[in-house]
Amino acid sequence: MKAQSSEVEVFVRIRPTANFAKDLIECLPDGQTVNIHHYKDSRQLHERRKGQLSSQSFRLEGILQDVSQEEVYTRVCRRVVLGALDGYNGTVMCFGQAGSGKTYTMTGSTDSYNQRGIIPRVLQEVLQQVGKRTEYAFSVHLSYLEIYNESLIDLLSSLCGSPHSSPQGMVVMEEPGRGVYIQGLSLHPVHNEEEALNMLFEGEMNRITGSHALNRNSSRSHCIFTLHIESRSRTLSDAKFVTSKLNLVDLAGSERLGNTGSEGQMLKESVYINKSLSFLEQAILALVDHRRDHIPFRQTKLTHTLKDSLGGNCNTVLVANIFGEAAQIEETLSTLRFAGRMKCVQTKPVINEHVDPAAQIKKLQKEVDLLKEELSKCNTLVGKQRITYEPLSEAQLAEIKSQVQRYLEGSLQEISITSVRQVQAVFAQFKLAVQDQEQKVKTQLCQPSSLVDHTAAGKISQHSDRDIRDSTKDVDSGGSGVFAQPTTNARHQSSARAKTKQSKDKHGKRQGTGTPVLKKNLESASKLTLNSVPTPERELDSPEPDTESRDGQEPSHPCSPPPRAEAFEDFKLGQGCKINCTLKENKAVLLERRNLLRQLTEEVNAVKREIDCTEATIQQHTEMAGGQCLAVGDESVHQEPDATLLMQLRELKALYRQRYEVLRDVKAEVNYCEHLVDQSRVRLLSEFEEWYEKSLSLPDEELDDMTEKTKTHEEDNQRLPPETLPDSSGSESFYKARDRTLKRRNNRMLLPTHVHRNLSAGQRKLPPIQPVI
Ligand SMILES: Nc1ncnc2c1ncn2[C@@H]1O[C@H](COP(=O)(O)OP(=O)(O)OP(=O)(O)O)[C@@H](O)[C@H]1O
């Protein structure tokens, strides 16, 4: 709840006297302004003629002069009391020199009912209101604290059995939401006015009083009578309730030490009183000064206890009690100055609303029960009676875990869901599975590189190989069931491994030594998964074709079709050898022609530069000769340019033309060579594509033929005997497909040999390519 700032209300009450100093204390008709006229030096009081009169004006909330106790209560206190019943904290305090009427104002006289002071009237009003406000359940407790010489005294402790609480047992405390309170101070519930008044009077009896030079019964202590009010709505069943504290404070006399004439114990009391009131003033000054961010509340028990009342969450009213006599004018002025400062203090009263945790839980539980009931009815209406919304049991959670595992493995098609709790549990299991998988991958990656090279990388390579092949390759890679892995030709396997290693080494060299394992794996994986083998285009342009490094090697024979890059290498060594050689020759010629072209271009440019230079020299000579003619004024002196230079120019131009023609021819040759290289390259690629495609899809007859020829490699352990096949009407397609796949796989194992054999038999010859002349 947002607090609205509120000023402290200040009233001045003048003690009735027959000797009212109307020339010094001037109360204006507005009822709010009092002007004090006084001599600057009090010593001049007896020598008025010598002193200089000065005036000070105080505008307050109201001046209470010759008014009844009833009126004082109504004007000073009633608003604060009603606020306290609504949940606002309130403080009413009387300040002034000893004997000025503070106790009379606050407690009043017990002699007469009409002269009862603020506290009895507050008690009456509060308890009457409690009786009237039947829609709220009120509880009212009382406490009565005395602060004497910086000690805390419980004036109602006698009601608990012991006459006075030990001062050490009480501490001023502060808590957010609760504000300042006195730990150890007894609180006493009251139910009626009489009971409350009894307590007040009990406290009064216990109050320490002492004789004083100015007032025999003057109180030497500060007293704080507090009503603790709590109210809860009887009509609304919410858990909210409001509390408030109403402090009724009777401060000790504010007179200065010099005026008391105290000695001994009395002097000590006066020191304490002055100290606490002085700190009260300091706190007020700090509160008024908005540049101050620290208010020294904790300097004394009084200011600390009244912290909330002074600038905190509180409606605060101050009654400044003054004498009407001229003799007290200095103290009166001092009291009014304090009152003037107090008036500038801003407080921030706010209703103290609380939530009872137990009641809140009860209320929410009730709501939950109601909603459950409603949900159950809804489910019954839509035919879902068996749904429960209770937390899942251990057994249910275990079942969900099992379902998720089966779902992830593929053995369960779907997970049946009937409640939100189940959904949450299923998601939790999925999350666990993902985390588990992540952990496994991390562990794998953290293994030593050599281990990964031979295991993880190999696996990735195998998997990726499989990925880029057609669906039948899944069958090939399976190591169990009807498509059990055949006994692979050991030579082929080692050859394939050697190739993979070679490829890796090569890659490693390009990347530099110490390539991280992860990077290697990823490169390997991406390379194979995307089927992005080095394109033949790139291969052709490479300055050192791999074919050289493979000379003398037998092509590899993997058990499944090799990746395109490897196949391309095989092709260049085998069937594509001739056209590859042609391409290489064409490229060599092209390179030679390009070099020649570059050389000729440089020569032609050099001749051109010489021509330009010679022309410039001739021009220069001509200009010089013309100048000399003009100087002598004889036209006959005109000379032809140097004949040698002209001759040289002619020769240079002839050379330029000759070289330029050669250049043009060479340029045409380069273009032609480029065309031939492109042609050879396209031919090589198309032949390779054709060869590669055919190697993957040879006709059944050819496959059968090859299978026969290579029977020693696979026959016994690949085919299941027909009698072992399960007898089923729909099995025909299945077995056919299986047989075909087996054939295809076996064929691929032997394909390169087969191709070589065909080549040697003169089959599938390529058309001759145009040589470069
Ligand atoms: N407005 C008043 N009307 C009638 N009598 C009053 C009034 N104010 C004070 N008195 C009387 O003056 C006397 C002193 O007043 P009181 O004890 O209230 O002063 P005090 O400021 O409380 O003094 P101390 O600081 O010593 O406690 C009392 O006998 C009281 O009855």
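Two strands pair if DSSP finds at least two bridges between them, and strands (E, at least two residues) and helices (H or I, at least four residues) are DSSP runs numbered from the N terminus. The model is predicted, so local features need pLDDT of at least 70 and side-chain atom pairs count only at pLDDT 80 or more, while totals for chains, interfaces and linings use all residues. Residues are numbered from 1 along each chain as its sequence is written.

**Exercise 1.** Work out how β3 is placed in its sheet, and which residue of β4 is the bridge partner of Glu26.

*Solution.* Begin with the sheet, which is open and antiparallel, with its 3 strands in the order β3-β4-β5. Because β3 (25-27) and β5 (53-59) stand at the edges with a single partner strand each, one side of each lacks a neighbour in the sheet. Next, count the bridges between β3 and β4 (residues 33-39), of which there are 3; within β4, Asn35 is the bridge partner of Glu26.

**Exercise 2.** Find which residues Leu318 touches, leaving aside residues up to four places away in sequence.

*Solution.* Leu318 touches Val8, Val10, Met93, Phe95, Ala339 and Met342 under that exclusion. Then place Leu318 in the largest nonpolar core, which has 85 residues and in which Val12, Val122, Leu318 and Ala339 have the most contacts. Such a core is a set of buried Ala, Val, Leu, Ile, Met, Phe, Trp, Tyr and Cys residues joined through C-beta atoms within 7 Å, buried meaning that 20 or more other C-beta atoms lie within 10 Å of a residue's own.

Key. Buried ≥ 20, exposed ≤ 12 C-beta atoms within 10 Å, placed from the backbone. Contact = placed C-beta atoms within 7 Å.
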